[in-house]
Amino acid sequence: MPYVERVVVAGGVKETRKMYTGRVHTKGATREKHTGKTSKAQEKVNERKLEEIIRWILNGNFVFGDLHLVLHYYDKLVTLEQAEQDKKDFLDLLRPYCKKHSIPWKYLAATETKRMTNVHHHIILPDIPIKDLFELWEKVVGVGGGNVSNKPLDRRGNHAKLAHYLMKESKSTADRYREAGKRYKRFSRAQGMVTPEPQYTVVEAATWAKEPKPSKNYILLKDDDGNTARSGIHEWNGWPWQEYTELWVGADPPKKPNPRARKRRRRTP
């Protein structure tokens with residue numbers, strides 16, 4: 001009577017999600033009444049999966065002191081096509097700059113185009129002097145064409161809120177492209193960055209503990225409501241799930257989970 005445990009180690013953050021699936025589940029699990037697949041339900045699943053990918057990339061590649069840079073325009077009439085080209089031109093200038101100064105080439109970028117605000121780009125990148133970034137942006141938009149702002153990443157290690165923010169901010173751009181009948185990639189990233197991959201384990205148990213215990217050298221992170229574990233019903237298949245996040249506090253870097261899927265026997269709580 002198994003369930004599936006998914007573990008993702010990204011930087012110092014370890015995410016665990018426990019779930020039943022249509023192929024691997026237990027007779028003891030209670031399934032909610034399934035009302036059928038809907039486009040809204042699938043969209044919600046897709047949004048969550050994309051946010052997970054962004055979160056894992058951020059946690060696996062960026063640390064305290066790296067930057068959340070925003071490239072601003074003064075012109076309210078900048079088109080989506082022009083904005084995308086400007087972002088590409090900026091990154092094309094940034095890459096040789098990083099090479100010249102021995103700065104790792106890594107970035108994650110998303111664009112916001114809310115109707116009541118000017119177009120602007122969010123870019124997560126290594127710690128680079130803001131004056132140099134401003135001059136690179138001016139080479140793209142011209143003197144007086146825009147500005148830059150930045151905020152260093154904090155010490156928390158888990159950039160989940162930033163990932164959620166980028167998803168929310170880029171949705172308006174995706175919606176506008178969809179209205180125009182065009183496909184749009186919500187974010188871009190540098191090649192060669194760490195790409196954390198989920199590892200799956202089939203656990204031979206009827207259910208899981210209501211309150212998880214932290215792994216060795218990890219601490220459980222609390223949500224804003226003070227809880228360390230989240231649970232609910234999957235909107236697509238109607239099966240329950242539980243997830244929680246841990247932060248590495250050991251002296252040495254955390255080890256990655258075994259990439260080979262395996263069965264693990266565990267007594268029912």
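1. Strand 3 (67-73) and strand 5 (120-125) are joined by six bridges and run in the antiparallel sense, where strands are DSSP runs of E with at least two residues, helices are DSSP runs of H or I with at least four, both numbered from the N terminus, and pairing requires at least two DSSP bridges between two strands. Within this pair, Leu69 has Ile123 of strand 5 as its bridge partner.

2. Helix 3 (residues 130-141) packs on the sheet and touches strand 3, strand 5 and strand 6, a contact being heavy atoms within 4.5 Å.

3. This is a predicted model, in which local features need pLDDT of at least 70, side-chain atom pairs count only at pLDDT 80 or more, and totals for chains, interfaces and linings use all residues. Residues are numbered from 1 along each chain as its sequence is written, and side-chain values use heavy atoms, with hydrogens and water left out.

4. The sheet is open, with five strands in the order 6-3-5-4-7 and antiparallel pairing. Strand 6 (146-152) and strand 7 (188-189) each have a single partner strand because they stand at the edges, so one side of each lacks a neighbour in the sheet.

5. Helix 4 (residues 160-179) is kinked by about 30 degrees, centred on Ser170, the bend being the angle between axes fitted to the seven residues ending at a residue and the seven starting there. Ser170 is also among the buried residues of this helix, which include Leu166 and Tyr177; buried means under 20% relative accessible area with a 1.4 Å probe, protein chains only.

Technical notes: Expected span 1.5 Å × (residues − 1). Buried < 20%, exposed > 50% of the residue type's maximum accessible area, 1.4 Å probe, protein only. Axes fitted to C-alpha atoms, helices over the stretch in contact; angles between N-to-C directions.
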